[in-house]
Amino acid sequence: MDGKVRKPKQHQQKHSGPQAEKKKLKKHGASTETDERKRNPKAFAVQSAVRMAKTFHRAQDIKAKKHHIPLVDRTPLEPPPIVVVVVGPPKVGKSTLVRCLIKNFTRQKLGEISGPVTIVSGKKRRLTFMECNNDINTMIDLAKVADLVLMLIDASFGFEMETFEFLNICQVHGFPRIMGVLTHLDSFKNNKTLRKTKKNLKHRFWTEVYQGAKLFYLSGMVYGEYQTQEVKNLGRFISVMKFRPLVWQTSHPYVLVDRMEDLTDPEKVRIDPKCDRTASLYGYLRGTHLKNKGQIHIPGVGDFQVKDVNFLPDPCPLPDAQKKRALNEKEHAVYIDLPASHVNQLQAEMQPTTELVQSLIDTHATLDAKMAASKVSLFSGSATLDPTDIKQALWDPKTQRERRKVLFAEEMKDDDEEDDEDEEEESEGGDEGESSGEDDLSEEEDNEEDCLSAFLKKSRGDSVKASGPPVKKSKVEAESERPVFADSEDELEMSEHESEGKDQPLGAGDSGHCSEDESDEESEDESEEGCLMSNTVTKQKEEEEDEDEEGRTPCFILFVSTGALKWKENLQLKASQAFLRQQESAPNLRKLVYGSVVEVEDDEDEEELGGLFRVSRPQNNKRFQANDLDSSHFHPDTTHNWDLEEMLNSIRDCFVTGKWEEGQDAATLLKEDEELYGDFEDLETGEVQKGQAIDDDGDNEVEQSEVKMDEEESRKNKRLEKKRRLKERFNAEYDDGDATYFDDLKEELQKQAELNRAEFEDVDDETRVQYEGFRPGMYVRLEISSLPCEFVTSFDPHYPIILGGLGSSEGNVGYLQMRLKKHRWHDRILKTRDPLILSLGWRRFQTIPLYHIEDHNGRHRLLKYTPLHMHCGASIWGPITPQGTGFLALQSLTGIKPNFRIAATGVVLDLDKSVTVVKKLKLIGYPYKIFKNTSFIKGMFNTVLEVAKFEGASVRTVSGIRGQIKKALSTPPGAYRATFEDRLLMSDIVFLRSWFPVAVPQLYNPVTSLLLPIGQKDSWSGMRTLGQLKHDLGIRYKPNSDSLYKPITRAPRRFNKLHIPKELQKALPFKNKPKQQQPKGKTSRDLQRPSVIREPHERKVAALLQALSTVHNYNRKKTHMVQHSKHKEFLKEKGKQEDAKLKRQKEARKKLYRVMGQMDQKKQRSSLKGAPQDD
Amino acid sequence: MASEGLSYDGCNFFRQRLVLSTLSGKRVKIKNIRSKEDDPGLREFEASFIRLLDKVTNGSRIEINQTGTVLFYQPGLLYGGSVEHECNPQRSIGYYLEALLMLGAFMKTPLKATLRGVTNDRTDPTVDLLKSTALPLMKKFGIDGEGFELKVVKRGMAPGGGGEVVFTCPVRRTIRPIQLTDPGKIKRIRGVAYSARVSPQMANRIVDSARGILNQFLPDIYIYTDHMKGANSGKSPGFGLTLVAETLNGCFLSAEMTSTPQGQGDPVLPEDLGRNCAKLLLEEVHRGGCVDSTNQSLALLLMTLGQQDVSKVLLGPLSPYTIEFLRHIRDFFQIMFKIEVQKPLEDERKGGDKVLLTGVGVGYSNINKTLK
């Protein structure tokens, strides 16, 4: 190794030989095979069939595991805003985050937010932010409606109970997307601890949610807000997030209410402030289709029947599908509404939004026929709004509509501006109410125009907020004294209550009435003439209030009885009107089916007899005889005459023997096949087989020779074409050979989803709503009557109001059987018959569960307490909820306890109207007479009848002797004869083990937390548990003294003397014979030793000797001690020496062994090397 | 708490109301049941129907007033299981069976119902008809499998009865949506000519006369003769014919006719009966659609109870019973159907107008079925 650096050896490329050949081949691309399998087939050959099977199996398993059950995609085209719930313990920065996010999306600052806020975050996405306070009621309710949960965690403190409680609630009610957000990160001074905390929190969070769940860090505050960049990132995450459907949410319609209005007559409220209220609640419909007049549950309030539902134009619409890459930042509309939800500074800004919506409601409600027009104008109006305007205009488009002001005392503190508006609007309302009948149309049009003009005006960019509403030019009549909201709303309702038959115009959607009156008339005429759909005998009169202004009420007949051959008479007429009918029959049929059924007033055909009795005669003029024969048979009275040839001809095509359609006709199909398969060339022989169709050219042989070449060419082309087609068909049939059941199913569902979307696409919303219900994404208004007054009076916008739709029969109560497990973190087990608050479905309610466990034979045995770490059954009396729905249980809702509040979780298994929980009952009896195996038992029953019921039942004694009840004895009553497998003793106790059915207590007590006064909403308390009651009342349990545990004291056992019979004694060997152990007699006097009595001198000597010996003993002991310690030391010394010696020896040995080893090695080496050289 | 009930007048459509009430869980009150007639109140057969409903449900509450003119029904949960019922001979088993067909798939446990009574009469669809039309229809909705069958064990003619039918139905959690818009062409006609306690020749006479008419259209006709003897023939004499036309797409159209019950009205000649029944079938074909007129309501109900998907069905003219059924569906489930009339084309020879009904299911799922 000199100073120069050694170069690594260069690679020498081979220029000849097999390697070089191979390389050359590769380089020149001779083997273009890119597929490894083909290039190296040996490597992929089957080595072992078993292994092959295994790998195949595994691959298939993995493939199958990826499959989920495909579901029909039912997401609406325009989805409702995504509910983003911000959760966290107090003082963690929830409100700040909501404010920052809103500011991030809209560049608007909101003051204190106390309700849901909806914003547009992107072209296709809207968000509704809702903050969740730490009332467990709110947490439960919001977890049920949340799509995304922002879980705020104070990093400086760590996780708090609220977080875990919320996570558990989510787990039970379907897991929405959860994103963690760490705040208060600026309180860490040390960077290392910060990193460590982050990591710890992240991993704990992951175990709760899923591995890799997103956790966001908000590092610090700047001027009381989070850093813009971080909020921006968070916002971006939210707006691209994908969601998976949750079972409960996709199967139930629900509304997160963002607006509430009291519609109760103020006069009624004045007279009775506690009267039931009617309120309308607004919000986006989510979940699934909502049916009108369905049942809903408002968590915290109760169950209600929806009086009416309407859909309204979207107050916070998605920006139109313009070709824009990103949203103009001013297009991020904001919609907030909950009355009295905003502090003063914002009130002026927010209030007008209400009016926008309000105006839309009214336009919608006043006249259905004008809906389309009004919509157009409004939309065009809003569309024309300048982007710069939207910010203001959205807050303040003052339309000239009356407002249904809530007039209860609490919310009267409106500012002046609003009052002004109210007055104006009231006057409007008045004149609208006045103008009825013929004025209505023109009036509406005027209104529309005004609306439009108002919008346009605004769009010109004046600050509308300050200016008053545009002056109305149309006929303003005198102000009326009618109640404010009596006009438009009523009409709306009327149109829905179609069967009322009042002098109200029928809604367009209800009966299929077109808005044009003329066509209606025509259609009615039509229906009179030709029997429209069915030739029924029943003469059905249907009285309909017409839409005419005059209000005339023509009767017309829909079903007409026609004579036997009547169809023949007006055949021509029918034919001539076929076209017309085609136009009309559809709405007519719809009206026929769903149109208003006007109940004919009972004809006063009751005549009195002697002023006392009434003669009642069966009525037979009613439409669809109410008491007619109930049969599904469709007996046509006027059958066609099937002897006539023309009649027979009219159905000839219904049979396979008739004429087929173009596409299906056998002849055409055959022809096609002929073309396809007709001629083909046998490729091996080169022979051309010709089909008939083309080959049919016998007579023009002359020309054929001339154009032979051309023909050849064309034929070749044709052939090629055909081949291609054949191949395509073959491919289509066989290529998707691996299309599995799963793929088929998926495709089928896909098709269904497309059909669902397409079917009602072109139907206008008004009608569509009737077919499929209100679809999710619509902004709806639900009117609910008979709400408790507390709902309105103690309304707190901080608390979410959720309208949860209930499925069919979910409004009923019954027995539910559930699987329940006490939560691991709850610190005590649960007791049967202690009330428990459950959150199940939409509801929160208190009920009394019975816990039970299933025995191996399917019997449900009652348990006194829940098992500690095991599932058990629970039976409750509660609302019918579909199986598979999860629930959670709490013991109380009040107060803040440091421990975990969720007591148990579980799932509904079964619904039933009866329960089968049993508890063990041991009947005890005593034998009073014992024969061989038969005993007479008493004390178990009281009467002969009772015994008779248990004849044949098996009994058992404590000692395990089994027996059977045979027959009752006459005396004493209740005694019986029983046989046993062995003889009993009088001391035995006889058991009869029986099972007694237990009734589940019927307590269903909905938690009405929303009705509590403001500020006390988290203090709902229902029935108390037994323990609580005892604690509160100071009752101590007095145990049965027999049941107490006492130390076991056993009496010493005494055994009798062993007695061996004399005979036996004799036979025993001496060894085993009992020895004659006679007690020794008294010792004789002479054998007894006399006692010695010492003389005084002797006594002195003895004492001295005693003292001396004591001293001696002491001295000896002392010397011994010294000796002993000396010896110990000596031993120690000796040990040390010994150790040293051993060490020395060891070392010496080691040395010796080493030398010996070396020598050995040397010897070995030398012997391996062969002959020794040096030696 | 409990939902508001519905209230109706009169005993017509009695079954519809009770069945829909059971399925929707809504209470129903029916007033003025024959209140103005000489013999007011519920009839025997209606009482029998209520009893049957009580047998298949658990926890229903039924209240009837003194005169039987007012009925209050609060439905329980459908339980199913093994049920035996003595049907009142005033109406045939079809009357009871139609309701069970509607309820069968939504029970807690698979239903096995043994119904005894009149199997064939003139007012209600006979068991043979339901067997050959309603069952294949239900199969289209996904209600099929091993235990789905209807067996006529004994035949019993009106008025005596004495027949026996066993209906077994499996339980389903959800119902499939259907798209039945094209019935297809009729490929064959089958039928049963039955006779009991009369000469076996009757059935053959019926077959001959029916074939005479139907052969004008189709060669593939086969009508079975079913002559029950001895214990299986019930208590009264009678005969009848059920004809079913099957289309290429698996739709079934049917017609039937039964002899007049003994001692009620003029006796019927078997030839006339066969001819008339064949004409009835032609009438049914003329009406057309994918579902025959008897089962229209069953099809509509199963469409309503499907998932929230669009279902379509092409029907012939709606029968009054169906029209009322549609109204009831709206009352109980708040669902309306889109009704479109399809006119036959000019040169088409496929009978009269058809009605295309389109509806969205309510997303009903069987809440009775136990989760394990």
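Modeller: Start with a definition: a salt bridge is a side-chain nitrogen of Lys or Arg within 4 Å of a carboxyl oxygen of Asp or Glu. Keep in mind that this is a predicted model.

Biologist: Why is the pair Glu225(A) and Lys109(A) called a salt bridge?

Modeller: The N to O distance between their side chains is 4.0 Å. The cut-off is within 4 Å, so the pair Glu225(A) and Lys109(A) counts. Side chains of opposite charge can pair when their charged atoms come close.

Biologist: What does the pair of Glu225(A) and Lys109(A) tie together?

Modeller: Glu225(A) lies in strand S8 (residues 225–226) of chain A, and Lys109(A) lies in the loop between helix H4 (94–106) and strand S2 (117–120) of chain A, so the pair ties together parts that are 116 residues apart in sequence.

Biologist: What makes Arg74(A) and Asp309(B) a salt bridge?

Modeller: Their side chains meet at 3.0 Å, N to O. The rule asks for a distance within 4 Å, so Arg74(A) and Asp309(B) qualify. One residue belongs to chain A and the other to chain B.

Biologist: Which element gives the most to the side of chain B that touches chain A?

Modeller: H8(B) does, with eight residues. Elements of chain B that give two or more residues include helix H1 (14–24), helix H6 (270–287) and helix H8 (320–333). Strands contribute too, among them strand S12 (186–196) and strand S18 (354–360) of chain B.

Biologist: How many residues does the contact take from each chain?

Modeller: Chain B gives 98 residues and chain A gives 96. The area buried between the two chains is about 8600 Å². Carbon and sulfur atoms give 55% of that area. The rule also finds 38 residue pairs in polar contact across the interface. By class, the side of chain B that touches chain A has 40 nonpolar, 26 polar and 32 charged residues.

Biologist: What makes S14 and S15 of chain B a pair?

Modeller: Seven bridges join them in the antiparallel sense, and at least two are needed, so S14(B) and S15(B) pair. Leu241(B) stands opposite Met257(B) in S15(B). These strands belong to another open sheet of chain B, with the order S13-S12-S14-S15. Helix H4 (residues 127–140) of chain B lies across S12, S14 and S15 of chain B, running at about 170° to S15(B).

Biologist: How do you know that the bond between Thr971(A) and Pro972(A) is cis?

Modeller: Omega is about -15° there, and the bond is cis. Pro972(A) is found in the loop between strand S34 (962–968) and strand S35 (976–980) of chain A. The bond from Ala158(B) to Pro159(B) is cis too, with omega near 0°.

Biologist: What makes Lys293(A) stand out?

Modeller: Phi of Lys293(A) is near 55°, a positive value in a residue other than glycine. Most residues other than glycine have a negative phi, and most peptide bonds are trans. Lys293(A) sits in the loop between strand S11 (277–286) and strand S12 (295–298) of chain A.

Conventions: Residues numbered from 1 in each chain as written. Chains lettered and ligands numbered in written order. Predicted model: local features only at pLDDT ≥ 70, side-chain atom pairs only at ≥ 80, totals over all residues. Heavy atoms only, no water. Contact = heavy atoms within 4.5 Å. Buried area = accessible area lost by both parts, 1.4 Å probe. Polar contact = N/O pair within 3.5 Å; in protein donor to acceptor, adjacent residues only side chain to side chain. Helix = DSSP H or I, 4+ residues; strand = E, 2+ residues; numbered from the N terminus. Nonpolar A, V, L, I, M, F, W, Y, C, P; charged D, E, K, R; others polar. Axes fitted to C-alpha atoms, helices over the stretch in contact; angles between N-to-C directions.
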